[in-house]
Amino acid sequence: MIRSLLALLHRDLRLAFRHGAETLLGAIFFALALALFPLGVGASADILARIGAGVIWVLALFAVLLTLERLYQSDYEDGSLELMVLAPVPLELLVFGKCLAHWLTSGLLLVVMSPLLALLMSLPAEAYWVLPAALLLGTPTLTLIGSIGAALLVGSRRGSALTALLVLPLYIPVLIFGVSAVDGYLLGLGGGAQLTILGAMLLFALALAPPATAAALRVALE
Amino acid sequence: MSLFEARGLACRRAGRLVFDQLEFALEPGDGLILRGPNGSGKSSLLRLLAGLLRPSAGELRWAGGAFRADDPEHRARLHFVGHLDAGKANLTVRENLAFLAGLLGFAELREAALERFDLVALAELPVRYLSAGQKRRLALARLELAPRPLWLLDEPAVGLDATNRLHLEGLIADHRAAGGLCIVATHGDVSLPDALVLDFGGAAA
């Protein structure tokens with residue numbers, strides 16, 4: 001069972017590596033869009049610092065959204081999805097593998113880049129660890145929730161636009177607690193509670209998203 | 001008691017009855033050919049037997065015991081080769097097969113899988129450079145990856161040249177000689193000696 005999971009993870013990471021440009025799309029968008037903010041709202045450090053956490057989180061949502069389409073669509077089109085459904089292991093486990101591979105090649109990049117972006121937005125020094133910590137807890141949740149949306153719309157035309165409509169409202173709680181965790185620390189109020197809630201949301205998504213995604217994928221193949 | 005039996009199977013898709021009251025009983029080593037015009041339900045039956053579709057009525061029995069087609073135990077005893085070849089364009093032939101072997105739970109890829117359809121020379125080539133027939137051979141090579149008693153093949157010879165069609169027929173004959181079952185939807189380009197025939201007729205209403 002673990003072997004099947006590892007085989008899938010290995011394949012997806014290798015594919016992500018071969019499609020380098022496509023894989024980095026989210027991360028490049030993240031950095032590029034953020035670089036526009038100092039140009040758009042002016043380079044005044046206190047304005048940037050006040051909106052920084054919110055802007056970084058909103059862009060992280062969009063960056064993950066951008067890469068969601070590749071999660072199941074190509075497997076659906078070339079028939080690999082049929083093989084996964086017919087594999088002698090629970091589909092839920094394979095869905096978990098797909099999400100893990102997706103997060104390693106999208107969310108994790110955002111986490112790693114975030115201290116640099118905090119610097120770009122003139123955030124105070126605490127942000128260099130709070131922001132990555134909050135993103136580390138929040139981005140896997142974004143991938144898992146997005147996986148349900150991507151699976152529901154697999155095979156439909158205009159899937160990616162609809163996925164955004166379907167998934168963005170579900171991202172709101174992550175956004176709220178993610179931003180308030182960072183702001184809490186920056187204002188000296190402490191954001192430990194918010195980080196805990198982000199962690200709880202991740203656990204909840206880990207339990208709920210694989211079975212929901214698997215059910216949606218089975219329906220898509222009928 | 002037959003090894004694999006279907007009783008009173010019916011399939012409904014998009015509100016339309018594709019077939020009903022479908023019955024067959026297969027003994028070890030049997031072949032079953034599904035024949036009929038396009039849209040008569042051959043692929044639907046194969047997908048139903050693989051557990052990708054749910055029957056609207058009827059039951060399936062393996063060695064006498066009734067089971068649901070989406071039962072994990074059933075998945076572990078079948079190979080399904082559908083219309084899609086399931087090759088990843090940016091992975092080589094070997095990488096694709098190694099992934100499938102891993103997915104089926106094997107640590108190593110058996111070289112026999114590459115040899116049966118002459119894929120050895122193509123092994124290090126990315127799938128995007130393969131022709132339709134070569135991709136088909138890659139899809140069929142998965143039959144060699146793991147021994148499974150039940151093979152469900154949907155027009156397996158599409159795009160194959162004469163030599164590889166013979167390889168396929170040889171592979172099916174070996175499988176049946178070893179007691180395996182093979183259910184094939186075909187328009188007559190694969191021959192299975194002494195196979196039962198299920199005719200879907202022209203009843204595609």
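This is a predicted model: local features need pLDDT of at least 70, side-chain atom pairs count only at pLDDT 80 or more; totals for chains, interfaces and linings use all residues.
The secondary structure of chain B amounts to six helices and nine strands. Its C-alpha trace extends over about 45 × 35 × 35 Å along the principal axes, and the radius of gyration of chain B, 17 Å, agrees with the value near 17 Å that a compact globule of 205 residues would have. Of these 205 residues, 54% count as buried, while the chain exposes about 8,500 Å², of which carbon and sulfur atoms supply 52%. Among the contacts in chain B that link residues at least 6 apart in sequence, 71% join residues at least 24 apart.

An open sheet of chain B is formed by four strands in the order β2-β1-β4-β5, and the pairing within this sheet is antiparallel. Its edges are taken by β2 (16-26) and β5 (65-67) of chain B, each of which pairs on one side only. Direction ignored, neighbouring strands of this sheet are turned by 30° against each other on average. Helix α1 of chain B, which comprises residues 42-50, packs on the sheet and touches β1, β2 and β4 of chain B, with its direction making about 120° with that of β1(B). Within the sheet, strand β1 (residues 4-13) of chain B and strand β4 (residues 57-62) of chain B run antiparallel and are joined by five bridges; in this setting R7(B) stands opposite E59(B) in β4(B).

A further set of strand pairings involves strand β8 of chain B, which spans residues 181-185 and is mostly covered, five of its five residues being buried. In a regular strand the side chains alternate between the two faces of the sheet. Strand β3 (residues 31-35) of chain B pairs with β8(B) in the parallel sense over four bridges, and C182(B) in β8(B) is the bridge partner of G31(B). Strand β7 (residues 150-154) of chain B likewise runs parallel to β8(B), to which five bridges join it, and here D154(B) has A185(B) of β8(B) as its bridge partner.

Beyond β8(B), residue D194(B) is found in the loop between β8 and β9 (196-199) of chain B. With a relative accessible area of 74%, D194(B) lies over the 50% cut-off and is therefore classed as exposed. Although D194(B) and G31(B) are 163 residues apart along the chain, their C-alpha atoms are separated by 7.5 Å.

In chain A, H102(A) is found in helix α6, which covers residues 91-105 of that chain. The relative accessible area of H102(A) is 4%, which is under the 20% cut-off, so this residue counts as buried. Residues up to four places away in sequence aside, H102(A) touches V64(A), T67(A), L68(A), R70(A), L71(A), G107(A) and T143(A).

Notes:
Residues are numbered from 1 along each chain as its sequence is written. Chains are lettered from A and ligands numbered from 1 in the order in which they are written. Side-chain values use heavy atoms; hydrogens and water are left out. Helices (H or I, at least four residues) and strands (E, at least two) are DSSP runs, numbered from the N terminus. Buried means under 20% relative accessible area, exposed over 50%, partly exposed in between (1.4 Å probe, protein chains only). Contact means heavy atoms within 4.5 Å. Two strands pair if DSSP finds at least two bridges between them. Axes are lines fitted to C-alpha atoms, for helices over the stretch in contact, and angles run from 0 to 180 degrees between N-to-C directions. The radius of gyration is taken over C-alpha atoms; the globule rule is 2.2 Å times the number of residues to the power 0.38. Accessible areas come from the Shrake-Rupley method with a 1.4 Å probe; for residues, only the protein chains shown count as cover.
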